[in-house]
Amino acid sequence: MEECIQIRRYEELHTAKEFESLIEAQNVPAVLCGCIKNWRAFSLWNPRNGGLDYLQERVGSAMVEAMVSSSAPIFYGDLGSHERVPLPFSMFLDLCKKRIHMQTEQQHQHLDDDHSVASQTDHTQHDYLSLEDVPEQIYLAQVPIMNRDREEKVQLGTLREDIQLPPILGAKELSSINLWMNNAQSRSSTHYDPLHNLLCIVSGRKQVVLWPPSASPSLYPMPIYGEASNHSLVALENPDYSIYPRAECSMEFAQKVVLEAGDALFIPEGWFHQVDSDDLTIAINLWWRSNTMSCMLEHMDAYYLRRILRRLIDKEMGA
């Protein structure tokens with residue numbers, strides 16, 4: 001891995017100027033430790049400390065779109081692999097409470113009677129897979145709290161006051177703020193975003209694997225003319241290397257980071273990432289347009305495309 005694209009961790013980063021010069025201008029991911037610990041959301045949303053009751057009181061009646069997938073706990077981004085179903089946010093919060101209650105019961109049973117493990121496992125299996133109205137393994141992905149261009153799509157706007165824009169982002173004009181929340185362990189498929197992203201962990205923990213845009217050939221992105229063109233074709237489990245041979249060496253280009261509650265991860269546009277989330281993880285992401293894309297005038301597209309193709313051809317011929 002080239003040193004210039006090594007992901008670094010920053011314990012202290014105070015100003016927008018530092019962020020822009022040290023991180024954003026390099027277009028390399030960075031972990032910002034403890035970046036959001038001053039958020040109201042960080043102290044008020046914690047599921048283990050009354051946070052679910054708080055959320056239920058504030059926005060429980062709101063309707064949200066949940067992601068349901070037969071491949072759960074792995075959630076792939078293409079439309080053929082999942083469906084989005086509307087449900088009251090309160091119903092999802094009840095699933096989370098049920099999960100906490102179930103885990104607490106298991107811990108108590110284990111302490112009381114080691115011989116009850118078999119029956120406890122049976123109970124877990126039944127409770128995990130069935131509910132009256134919705135499957136338990138669902139994922140709230142990209143639920144809008146703020147959306148600059150599509151205000152009518154905002155579902156949880158009331159929560160905006162619990163999220164303070166980090167000082168390092170200065171006066172950036174955000175495209176959107178979104179909630180990501182899972183009630184059980186989950187994995188998201190490998191993909192990139194066309195915007196800069198600050199992924200903020202409010203509660204729980206995430207592990208993120210990242211690849212630079214230059215690793216694209218080994219990740220086989222979907223056709224650019226179709227939906228979900230920013231997602232990888234390679235399955236996360238049991239990938240078929242006979243179909244995707246270059247994927248076998250994709251981890252040579254990968255870097256892995258672990259994010260604890262209060263941390264944030266800057267993911268530049270174009271960087272592929274795959275995310276594993278622990279039980280009951282709550283995250284917020286902030287998207288904004290990069291300076292590069294903001295400065296690219298549409299009438300220059302054909303020229304830039306030719307320049308980029310020329311550089312890629314020269315590099316390939318030189319190799």
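Reader: How much space lies in the largest pocket?
Author: About 2,000 Å³. Keep in mind that this is a predicted model.

Reader: OK, and which residues are closest to its centre?
Author: Those are P213, S214, S216, I308 and L312, out of 41 residues that line the largest pocket.

Reader: Which helices supply at least two residues of that lining?
Author: Three are on the list: α6 (216–219), α7 (291–295) and α8 (301–318). The largest share comes from α8, with nine residues.

Reader: How do the lining residues divide into nonpolar, polar and charged?
Author: You get 25 nonpolar ones, plus eight polar and eight charged.

Reader: Let's zoom out. How many helices and strands does the protein have?
Author: Eight helices and 14 strands. The protein has 319 residues, and 46% of them are buried.

Reader: What about its accessible surface, how much is there?
Author: It comes to about 17,200 Å², and carbon and sulfur atoms account for 52% of that.

Reader: And what share of the contacts with a separation of 6 or more comes from residues 24 or more positions apart?
Author: That share is 80%.

Reader: New topic: helix α3. Which of its residues are buried?
Author: In α3, which covers residues 51–59, the buried ones are G51, L52, Y54, L55 and V59.

Reader: Why do they line one face of the helix?
Author: Look down the axis of α3: the buried residues fall within an arc of 155 degrees, so they sit along one face.

Reader: Now L13. Where is that?
Author: L13 is in the loop between β1 (8–10) and α1 (16–22).

Reader: Is L13 buried or exposed?
Author: Buried, because its relative accessible area is 16% and the cut-off for buried is under 20%.

Reader: What is L13 in contact with?
Author: If you skip neighbours within four places in sequence, L13 is in contact with E18, F19, L22, I23, L32 and I168. There's also P167, 154 residues apart from L13 along the chain, with 9.2 Å between the two C-alpha atoms.

Reader: Last one, E65. Where does that go?
Author: E65 is in strand β3, residues 63–68. E65 is partly exposed, with a relative accessible area of 37%.

Reader: And which residues does E65 touch?
Author: Not counting residues up to four places away in sequence, E65 touches R84, V85, P86, L140, V143 and Q155. Q155 is 90 residues apart from E65 along the chain, and their C-alpha atoms are separated by 8.8 Å.

Terms used:
Residues are numbered from 1 along each chain as its sequence is written. This is a predicted model: local features need pLDDT of at least 70, side-chain atom pairs count only at pLDDT 80 or more; totals for chains, interfaces and linings use all residues. Side-chain values use heavy atoms; hydrogens and water are left out. On a 1 Å grid over the protein atoms alone, a cavity is a set of points where a 1.4 Å probe fits but cannot get out, and a pocket is an open set with protein on both sides within 12 Å along at least five of seven lines; lining residues have an atom within 4 Å of a point. Grid points are joined across faces, edges and corners, and a volume is the space filled by probe spheres set on the points. Helices (H or I, at least four residues) and strands (E, at least two) are DSSP runs, numbered from the N terminus. Ala, Val, Leu, Ile, Met, Phe, Trp, Tyr, Cys and Pro count as nonpolar, Asp, Glu, Lys and Arg as charged, and the others, Gly among them, as polar. Buried means under 20% relative accessible area, exposed over 50%, partly exposed in between (1.4 Å probe, protein chains only). Contact means heavy atoms within 4.5 Å. Accessible areas come from the Shrake-Rupley method with a 1.4 Å probe; for residues, only the protein chains shown count as cover. The arc is that of the directions from the helix axis to the C-beta atoms.
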